[in-house]
Amino acid sequence: MGLWATDEPLAKKGDHCAAMNQVNTPLHKPGRRRSAASHQAILQATLELFAEVGLAGLSIEALAERAGVGKTTIYRRWSAKEDILSDALYLLRGGNPLPDTGHMRDDLLYLARASRESYARDPFMGRLITKMMAELKTNPKISRAFVEKVIAPRIQEFRPIVERAQRRGEVREDLDATFILLLIFLTVVLGGLFIEFIDPEGQHVYAPETVVDTLLRGIAAAAEETGT
């Protein structure tokens, strides 16, 4: 499961990244013979443990036990747990099909509702993002990997929504598309998660319709704004 919504059934416990298992994750030291199954198990276990205890609390012993491999298997492939986590982030890259309703408001409402439902029914991503936020300020290597491997690719996947809206004249011409993409990601996709940290009682005011309509008041073209 990634940083966005999905209509797929929840993964089984201990298999949060099952939907991403077909992602081609790069091997740390190409050329050595590896078991694809154990490699995948290590990466998945890394994300699970990171979401539970953070990077500081993640030990190779616990990782080996969770993945069902020996410690030597891990040490042969990675020299540091930061490297394992960096590779594991590829499991979060697989996105789900984005809506194309013919209207930007409806596209964004779909994303907002689905994201909120996804976080509510599976707390794994919420825990993972919480731990990742702590690392972003203190660990430049992990911060860079998270942005490059997860955030930036997903934001770019939203670009067709913005470009279609631009062609339909729904958004202001003076706004840069990348700026709009960032606003969408932070408010529509991640906003429902972060509101719990700011105000645990604030979910009732962070309704998808409120979020989307408030955002559109700032980015919509004049004619579109008066019509919403």
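**View 1. How the whole chain comes together.** Among contacts (heavy atoms within 4.5 Å) between residues at least 6 apart in sequence, 74% join residues at least 24 apart. This is a predicted model, where local features need pLDDT of at least 70 and side-chain atom pairs count only at pLDDT 80 or more, while totals for chains, interfaces and linings use all residues. Residues are numbered from 1 along each chain as its sequence is written, and side-chain values use heavy atoms, with hydrogens and water left out. The chain has 12 helices and zero strands (DSSP runs numbered from the N terminus: H or I of at least four residues for helices, E of at least two for strands). Of its 228 residues, 49% count as buried (under 20% relative accessible area, with exposed meaning over 50% and partly exposed in between, using a 1.4 Å probe and protein chains only).

**View 2. Helices α8 and α9 packed together.** Two packed helices are described by the angle between their axes and the distance between the axes. Here α8 (residues 159-167) and α9 (residues 177-189) pack at about 125°, with axes 10 Å apart. That angle makes α8 oblique to α9 (under 35 degrees would be roughly parallel, over 145 roughly antiparallel, 65 to 115 roughly perpendicular, and the rest is oblique). The axes are lines fitted to C-alpha atoms over the stretch in contact, and angles run from 0 to 180 degrees between N-to-C directions.

**View 3. Who touches whom between α8 and α9.** On the α8 side you'll find Arg159, Val162 and Gln166, and they meet Ala177, Thr178, Ile180, Leu181 and Ile184 of α9. Sorted by class, that's five nonpolar, two polar and one charged residues (Ala, Val, Leu, Ile, Met, Phe, Trp, Tyr, Cys and Pro are nonpolar, Asp, Glu, Lys and Arg charged, and the others, Gly among them, polar).

**View 4. A tilted pair of phenylalanines.** The structure holds one aromatic pair. Its partners are phenylalanine 158 and phenylalanine 185, tilted, at 6.1 Å centre to centre with 40° between the planes (rings of Phe, Tyr and Trp, the last by its six-membered ring, pair if their centres lie within 6.5 Å; planes under 30 degrees apart are stacked, over 60 edge-to-face, the rest tilted). Phenylalanine 158 sits in the loop between α7 (140-157) and α8, and phenylalanine 185 in helix α9, 27 residues apart. Phenylalanine 158 has 1% relative accessibility, so it counts as buried. Phenylalanine 185, at 2%, counts as buried too.

**View 5. Valine 53 and its surroundings.** Valine 53 belongs to helix α1 (residues 36-57). Its relative accessible area is 43%, so valine 53 is partly exposed. Leaving aside neighbours within four places in sequence, valine 53 is in contact with Leu58 and Lys131.
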